[in-house]
Amino acid sequence: MQGYILRVQKVRDEDLLVFVLTPNLLVKSYRFFGARHSNIMTGYKIDFELEQEAKFLPKLRSILHLGFKWLLERDKLIIWQQFMRLLYDHLKEVEQLDEIYFNELDRCAKQMQLQNPKRLIIESYVKILEYEGRLHSELECFICDEEIESELCLTRGFLPSHKHCLDRSEFDASKIKNLFDTKSTIELNDDEINRLYKILLDGL
């Protein structure tokens, strides 16, 4: 079984609770501390086995780290782990999942070496919002329900609004419309990407 580690939580002594996102499940497992255990960390992609326990969480066994070179780049790793935390907070109450979450992590992980990490994460964020039916691509203000024509503001979940309805940093509406329609950040400059990423960090 393969998956991405969304969260690692210390429990008694050095034992760990490990939450792993697979294509169809968010697995909550237990890992006992031991000298022979491989190092694991939030954001790692692993191949693993589960040893089922009748009255306890399944044990995480036979862990193999499926590494990516960019994990050694601190800036990319930090952005990657921030995305893991967002996904964990969004999915933690769910056990069975559709494949989109795993597939988007897989796509980002494979492209992270060559592409801007914030752009990759923003594009995945938009794809997930659309899949969940929460992407407001018609650009109507979520506060007054009126159409937005030129400049807009965005809040958590990339909800759009007029500047006079929600006094936040402004974006060109046509650029955001293109992002929502194409799932591409190509029209956005680095300053716009940084501001969008700060909004993304508010959560899914």
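Predicted model: local features only at pLDDT ≥ 70, side-chain atom pairs only at ≥ 80, totals over all residues.

Visitor: Why are β7 and β8 said to stand at the edges?
Guide: The three strands form an open sheet in the order β7-β6-β8, with antiparallel pairing. Both β7 (159–161) and β8 (170–172) have a single partner strand, so one side of each lacks a neighbour in the sheet. From one strand to the next, the twist averages 50°.

Visitor: How do you know that helix α4 packs on the sheet?
Guide: Contact here means heavy atoms within 4.5 Å. Helix α4 (residues 173–182) touches β6 and β8, and its direction makes about 70° with that of β8. Helix α5 (residues 190–200) also packs on the sheet, touching β6 and β8, with a direction about 125° from that of β8.

Visitor: How do you know that β1 pairs with β2?
Guide: Six bridges link β1 and strand β2 (residues 16–21) in the antiparallel sense, and the cut-off is at least two, so they count as a pair. Gln 9 stands opposite Leu 17 in β2. The two strands form a hairpin with five residues between them, and Asp 13 in the turn has a positive phi of about 50°.

Visitor: And what makes β1 and β4 a pair?
Guide: Strand β1 (residues 2–10) and strand β4 (residues 45–53) share three bridges in the antiparallel sense, so they too meet the cut-off of at least two. Gly 3 stands opposite Ile 46 in β4.

Conventions: Residues numbered from 1 in each chain as written. Heavy atoms only, no water. Helix = DSSP H or I, 4+ residues; strand = E, 2+ residues; numbered from the N terminus. Axes fitted to C-alpha atoms, helices over the stretch in contact; angles between N-to-C directions.
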